[in-house]
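Let's take a short tour of a protein model together.

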Amino acid sequence: MRIALAQFNPIIGDFNRNFAKIQHFAAKAIELSCDLVVFSELAITGYPPRDLLERNDFVAANLACLQQLMTAVRGIGVICGFVEKNSTGKGKNLYNAAVLFEDGQIHHKVYKRLLPTYDIFDERRYFEPGPESTVYTYKGHCIGLTICEDAWNDEDIFKERIYPVDPVARLIRSGADLVINIAASPYYLGHQQFRFNMFKSLAAKYNVPFLYANQVGGNDSVLFDGMSTAFNKNGKLAARARDFAEDLVVFDSQASKPSPDNLRPVAGSDTESLLRALVMGTRDYVTKCGFSKVVVGLSGGIDSALTAAIAVMALGQANVAAAFMPSLYTSQENYADTAKLSENLGIEYLKIPIDSMFKEFLRFISPDFKQSDVGITEQNIQARIRGIILMALSNKHRSLVLSTGNKSELAVGYCTLYGDMTGGLAVISDVPKTTVYDLARYINQEKECIPQRIIDKAPSAELKPDQTDQDDLPPYEILDAILKGYIEDLKGVHELVEMGFKQSTVEEVILKVDRNEHKRHQAAPGLKVTSKAFGYGRRYPLARRY
């Protein structure tokens, strides 16, 4: 049997567009003489639909789209994900479902059994766990159909399992000789390799082909890398789709070896993968929210330079504008560096000095505010003036503001509410400062896009004379390691000290993280690229004493 794995980039709730995408890829699979085409989890609605699932009209529109597909797509079997109503009268009203249909008839239907509630997932909020699935015989194969998390509970892979059953093992015992998993499995660094190893292991363990069709694209903060794969019964890679792009690849269950055409190239390093993720996520967030243009506030520093470069890769130079807003404390280097960066990127460059605005602000606000006494309040005023300018440009030109803060800054509150945090999307808010440098160097491999001096100079907010980040923060190599341990690995003070970090430094960093929860609660949505990002995947109370 020839099976196409089709990964496309859905827009949540755009049923007409999603219908057209499914129809297009089904037609392509027919052209390639495929017997079956497989789409991702909740392909009809797009994932994650979140509280749209509470609306009856949304669920009805999804069911109507399925019926329309069954009428329109002929001559091939189709597996895709959708939302089904729970008619039992018990439990939640909905199922996360998958269907196999052909020529207007439903042949097989399954409901997702394992519903994740960790990190960004909250599926038990909406769905009822499905009953045990059965295998289905289709064109000579006994297919075991699973939905995403249903495959993530193997006892040999997960030593501490959170679910009492393993749907894959049960399907194999029921006679499945081919397992298909439709998924919306998010991207973060390291996740792709884990998935690859897991599916490879499952295929070899059970001696059956294992096929995995994943969603691709960005939906809000959550990014999906695609990389749909098929492994033969020996656990050998038989097909692989591209990463971070729509694609269709074919698995032939009768072929002795895979066709090279169905082994697509993917990123060769974590840095390349991360850059592709950020570019895709920026493009999708901006365009799916109805914008075509963005504006970036350039400071002369590495963070805004990287953000601008990513924006150009995502949207094209004609759709990116840069605003440089110097003050009395801005170095001459940054005048030159922002101009050079904008020239290298080929983007519009606006220079809007803020010094006179800052002076007038201080003159009117109170006699207690003097430009000669630049404390934290005066520093924040400068940042907020810049935020106002950026939002004015956004309103005037209908451009989305991209905020430029990195994860290290956001973690410890080294940012200003309604100032440099202003924006509609925080592109690198899940990228640690040390990784920001890695990305900048990677971008500069073929030619100098980001001026080298921007990469080499000491980072500074330039809100007071001779300021550098390290006046207030530990060296970023130390800070990022502590932050990863505390935020992503959930380690406490004693565990971090045992790793070799100075106790006073650890306590200072953790105090800053905890005190600034309120800032992050008001931050623009950011693109999730690590195992634990700020946003709805990390939910801490604002008022607490722990």
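In β5, Val 110 is the bridge partner of Ala 98. This is a predicted model, where local features need pLDDT of at least 70 and side-chain atom pairs count only at pLDDT 80 or more, while totals for chains, interfaces and linings use all residues. Residues are numbered from 1 along each chain as its sequence is written, and side-chain values use heavy atoms, leaving out hydrogens and water.

**The sheet**
- Strand β4 (residues 94-102) and β5 run antiparallel and are joined by six bridges; strands (E, at least two residues) and helices (H or I, at least four) are DSSP runs, numbered from the N terminus.
- Two strands pair if DSSP finds at least two bridges between them.
- Six strands make up an open sheet with mixed pairing, in the order β5-β4-β3-β2-β1-β14.
- At the edges are β5 (105-111) and β14 (247-252), each pairing on one side only.

**Helix α6 and what follows**
- Just after α6, Gly 316 has a positive phi of about 90 degrees.

**Gln 317**
- Gln 317 sits in the loop between α6 (302-315) and β16 (320-324).
- Gln 317 counts as partly exposed because its relative accessibility is 44%, between the 20% limit for buried and the 50% limit for exposed.
- Gln 317 and Gly 346 are 29 residues apart in sequence, yet their C-alpha atoms are 5.8 Å apart in space.

Technical notes
Buried means under 20% relative accessible area, exposed over 50%, partly exposed in between (1.4 Å probe, protein chains only).
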